[in-house]
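Come along and check each entry against the picture.

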Amino acid sequence: MKQRILDKVEASFLKAEAFYNRKFSRPEQIIFKTKGTTAGTCNYTLKYLTFQLAMADQEGDAYINDTPAHEVAHWIDRE
């Protein structure tokens, strides 16, 4: 699941770069949590994204299709 999330994060950055015709910085860390109620978070100041693995496992493709792209959108909104 971690690799699927990482792949979707990178694909989301590449899609945004193609759309906006510019490069975006990447987070320094991608943190995987095992518990909690938040699907993902973006912290641009501390340069990381987080993803909740238990929720990803439970929701499967729906999580992969939505959450990583959503957090990348928060990231690029700050640039």
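Before the first entry I need one term: contact means that heavy atoms lie within 4.5 Å. I also keep in mind that this is a predicted model.

**Entry 1: helix α1**

I began with α1, which covers residues 2-20 and has 19 residues. I looked up its reach from the first C-alpha to the last and found 27 Å, close to the 27 Å expected at 1.5 Å a residue.

Which residues of α1 are buried? I noted I5, V9, S12, F13, A16 and E17. Seen down the axis of α1, these buried residues fall within an arc of 130°, so they line one face of the helix. I then turned to the other side of α1, where K15 and A18 are exposed.

What covers the buried residues of α1? My list includes β1 (29-33), β3 (48-52), α2 (53-59) and α3 (61-77).

**Entry 2: A16, a closer look**

I picked A16 from helix α1. Its relative accessibility is 9%, and buried means under 20%, so A16 counts as buried. Leaving out residues up to four places away in sequence, I found that A16 touches N21, F24 and I76. I also checked A16 against T41, 25 residues apart along the chain, and their C-alpha atoms are separated by 18 Å.

**Entry 3: what follows the helix**

N21 comes after α1, and its place is in the loop between α1 and β1. Is N21 buried or exposed? I read a relative accessible area of 71% for N21, and exposed means over 50%, so N21 is exposed. I marked its backbone too: N21 has a positive phi of about 55° although it is not a glycine.

**Entry 4: aromatic rings**

I searched the whole structure for aromatic pairs and found four. One of them is Y20 with F24, an edge-to-face pair with 6.1 Å centre to centre and 85° between the planes. Y20 and F24 form one aromatic cluster with F19. I looked up F24 by itself as well: at 7% relative accessibility, F24 counts as buried.

**Entry 5: P27 in the loop**

I found P27 in the loop between α1 and β1. At 15% relative accessibility, P27 counts as buried. What does P27 touch, not counting residues up to four places away in sequence? I wrote down F13, K47, Y48, L49 and W75. Next I looked up P27 and Y44, which are 17 residues apart along the chain, and their C-alpha atoms are separated by 7.6 Å.

How many bridges join strand β2 to β3? I noted four, and the two strands run antiparallel. β2 and β3 form a hairpin with four residues between them.

K47 lies in the loop between these two strands. I noted a positive phi of about 65° for K47, although K47 is not a glycine. At 31% relative accessibility, K47 counts as partly exposed. Where does the charged end of K47 sit? I found it over the ring of Y44, 5.4 Å from the ring's centre.

Terms used. Residues numbered from 1 in each chain as written. Predicted model: local features only at pLDDT ≥ 70, side-chain atom pairs only at ≥ 80, totals over all residues. Heavy atoms only, no water. Expected span 1.5 Å × (residues − 1). Buried < 20%, exposed > 50% of the residue type's maximum accessible area, 1.4 Å probe, protein only. Arc of directions from axis to C-beta. Pairing = 2+ DSSP bridges. Phe/Tyr/Trp six-rings, centres within 6.5 Å; stacked < 30°, edge-to-face > 60°. Lys NZ or Arg CZ within 6 Å of the ring centre and 35° of its normal.
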